[in-house]
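This briefing goes through one structure, topic by topic. The sequence and the coordinates are shown first, and the notes follow.

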Amino acid sequence: MVQLKLPDGSVKEAPAGATPRQIAEGIGKRLAQAAIAAKVDGEIVDLNRELPADGEHSFQILTEKDPDALDVLRHSCAHIMARAVMRLYPGSQLAFGPAGDFGFYYDIESPTPIREDDFPKIEAEMKKIVDKAEPFERFERPTSEGRALCADLKQPLKVEHIDDDLKKYPTLSFYRQGEFIDLCRGPHIPDAGRIGAFKVLSIAGAYWKNDATRPQLQRLYGTAFFTQKDLEAYLHRIEEAKKRDHRVLGKHLKLFTISQMVGSGLILWMPRGATVRGILETFIKDELVKRGYSPVYTPHIGRLELYRTSGHFPYYRDAQFPPMYHRPAAGTLDLCQYRLAMGEIDDKREHEYIEYMRQAHMLPPQYTRETSQSAKLEMIHEFVLVLLRDLQVDLPEYHKATNHMERADALLKWLMEQEGFLLKPMNCPHHIHIYKAEPRSYRDLPVRLAEFGTVYRYEQTGELNGMTRVRGFTQDDAHLFMTSDQVESEMKANIELVLFIFNTLGLNDYRVRLGFRDPGSGKYVGAAEDWDTAEKSLEAVVKGLGMNYTVEPGEAAFYGPKIDFVVKDCIGREWQLGTVQLDYNLPKRFDLEYIGADNAAHRPVMIHRAPFGSMERFMGILIEHFAGAFPTWLAPEQVRILTVSDKFKEYGEKVETQLKARGLRVTGDYRSDKIGAKIREAQLDKVPYMLVVGDKEQSAGTVAVRSRTEGDRGAKPIAEFVEMIEREVSERKLAGAI
RNA sequence: GCUGCUGUAGCUCAGUCGGUAGAGCGCGUCCUUGGUAAGGACGAGGUCCUGGGUUCAAAUCCCAGCAGCAGCUCCA
């Protein structure tokens, strides 16, 4: 016998071998009909799955009302979509088909590509399956038999998955639905008829097992609901959310633009957007000075040597704009040095290198046709010899070298003597040299250097996205140099600063991510013990502040762990905004010191931090957060004066002048339109306050105040309105903002 | 970078079978002078993304490139 503890607290006994369906039937016919799946000890299982034979277990029947049931439904719908695809595109191979927040997807390798035009066909086939309402039947096989079954089904990706990851299990589970059998953990809905509404949404490429070196499959996205009404509500919600898109609003509200001639990923801040940015910058700058920061300015470029020392230039080689060398040969030799130093590399790195060389028009002609890595390196070597000869570079050490590493070193030595510059991808090396410019005592620490520093990174074309992913951006950056004793309090102060900014702006919907290193990856620099210390102190600080957070291995910067504040945009994509990063590495690389109380030299610790992340991304997120309707203190246009007719233009201008004298951002709409039209336009432009002036106001010396959010608020003396709006601005009120 | 889709007026988009280009909004001029989300009339505005190809003829069909969008990979 098994004891099942139901959600209402009662305990139900059932014989060994009972199924959730039988329990549901025992409770009530209606419940049994409504049942989708069951939850046993927190785990969701099929209705037909046998319950544990004995002991006490929590037990719950899931119905449509349960969010968990929707996931089950969607996962089943993914199977149905795959089944439809198998019918329409015989020979398709299936990969993974999970459910997610949005719906579900299935990764498919089909002999003919699936196109958007095919969606109606797929949906029609899915409808046939749903209408037949066949059950999902689970069965298990010993792993070797299961592997053979997948092979029989001509599903090599499933076989590969078993070999890679599932070998450790003694048995594998499958689900059969009609002619369709799929390796799957489950659980599933009882039968296909439970799906009330579904839609195939989109198709995109996705790498097998999320690995860019593996083949790319077609990821077919869809969603499903219990009712048609829910589906329609979802689709409507998506449409509404898209109206908040900062790319759409940025254009309508004239906040920013991007010009092909200037370059993709390079933001042109228009006057209205620049106004908002300026206010944000002043806001944070004032706050930083209060908190003991020292503002600095540094140039947009720096010597390559600087970025070789910091590690940024070699490490992010292909995510940077090309280096600027005076000597023409140097750029090419630099690329060759890069390739020789890489040695034997994987396909992905090789591919990136080829693209890089191709852009520079300097790929040796035979290079791509050669398959062996050593032959490729040899070819680069031959190419270098030609370059050295043709460009008359005298480099005896290169000729003396006996292997590619030595050759790379010889080239590097020469390159380091060449004057070269890099558009700065990071501000830290510049700030480090301000730190180094004078001897530092422990009494001076922490040194906090802050700058709105503009950096340039050559992001991949597919990544560029409005203001949220760009190639030139300004970080509200600062670097803190401190003793290790000061790390925790500085970390804490910085997290509090981020929270202060987020609170001021009403950004409450964020999550906190601790980015730690992935122990299995070689991309990190620095000693393991430094990493351990850094990761531990980060987590201690966050815990101490009582924050909810997730630890994510592999999310660290290459020089240290970090804490990120991540927000979602209007279509649910996550973006990193504020970040606080701990760094034991750069102080070593740049040999930073301070003199301690013991009169000996010590190494400081660094914190990199940017509460906004970048002005561009932050602005993009803020536009979406406020749906373009900025609170009064941020609004590019705070007040618009609307005259009832031409006759009151003079009075309107008088009011305008008075408000401007108080520093308010005010304009006047004195055109000969009707007042309704002017109001409509001001509303669409998201102006917080409209001042309607006509005969009554002119003779009384008042303004009729209309708030964007609250409508007509009646006539007020000008001074009273000014006092009200000034208070709203100084308190940085969010009221009225959406 | 990869897969797919898209590219027509300032914006949003239509454009049939391949036959010299359309709407709404916006903009300009004039009329209108009004009271809390659209007053009216007239008008200007086009490298149909770029470059090739097919054709008597290309916005339309084909190829390449560029840009944007969605997803994947990447992200100091």
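**Protein surface near RNA strand B**

With 7 residues, α23 gives the most to the surface near RNA strand B. The model is predicted. The points below take the RNA-facing surface, then chain A as a whole, then one of its sheets.

**Residues and polar contacts at the RNA**

- There are 63 residues around RNA strand B, and those that come nearest are Arg 115, Gln 216, Met 426, Thr 461 and Glu 463.
- Of the atoms of RNA strand B that come within 4 Å of the protein, 50% belong to sugar and phosphate.
- Thr 461 places a polar side-chain atom 2.3 Å from a phosphate oxygen of RNA strand B.
- For Asn 210, the distance from an N or O atom of the side chain to a phosphate oxygen of RNA strand B is 3.1 Å.
- The side chain of Tyr 207 has an N or O atom 2.7 Å from a base nitrogen of RNA strand B.
- Two or more residues each are given to this surface by the strands β11 (197–207), β12 (216–225) and β31 (702–707) and by the helices α8 (246–252), α13 (347–359), α23 (675–684) and α24 (695–700).
- By residue class, the surface near RNA strand B holds 21 nonpolar, 20 polar and 22 charged residues.

**Chain A overall**

- Chain A contains 25 helices and 32 strands.
- The C-alpha trace of chain A spans about 90 × 80 × 60 Å along its principal axes.
- Chain A has 738 residues, and 51% of them are buried.
- The accessible surface of chain A is about 34800 Å², and carbon and sulfur atoms account for 51% of that area.
- Counting contacts in chain A between residues at least 6 apart in sequence, 69% join residues at least 24 apart.

**An open mixed sheet**

- One open sheet consists of 8 strands with mixed pairing, in the order β15-β19-β20-β27-β24-β23-β21-β22.
- Its edges are β15 (294–295) and β22 (550–553), each of which pairs on one side only.
- Within this order β20 is listed next to β27, and these strands, residues 472–482 and 605–610, pair in the antiparallel sense over 5 bridges.
- His 479 has His 608 of β27 as its bridge partner.

Key: Residues are numbered from 1 along each chain as its sequence is written. Chains are lettered from A and ligands numbered from 1 in the order in which they are written. This is a predicted model: local features need pLDDT of at least 70, side-chain atom pairs count only at pLDDT 80 or more; totals for chains, interfaces and linings use all residues. Side-chain values use heavy atoms; hydrogens and water are left out. A residue is near a molecule or strand if one of its heavy atoms lies within 4 Å of it. A polar contact is a pair of N or O atoms within 3.5 Å; within protein, one must be able to donate a hydrogen and the other to accept it, and residues adjacent in sequence count only if both atoms are side-chain atoms. Helices (H or I, at least four residues) and strands (E, at least two) are DSSP runs, numbered from the N terminus. Ala, Val, Leu, Ile, Met, Phe, Trp, Tyr, Cys and Pro count as nonpolar, Asp, Glu, Lys and Arg as charged, and the others, Gly among them, as polar. Buried means under 20% relative accessible area, exposed over 50%, partly exposed in between (1.4 Å probe, protein chains only). Contact means heavy atoms within 4.5 Å. Accessible areas come from the Shrake-Rupley method with a 1.4 Å probe; for residues, only the protein chains shown count as cover. Two strands pair if DSSP finds at least two bridges between them.
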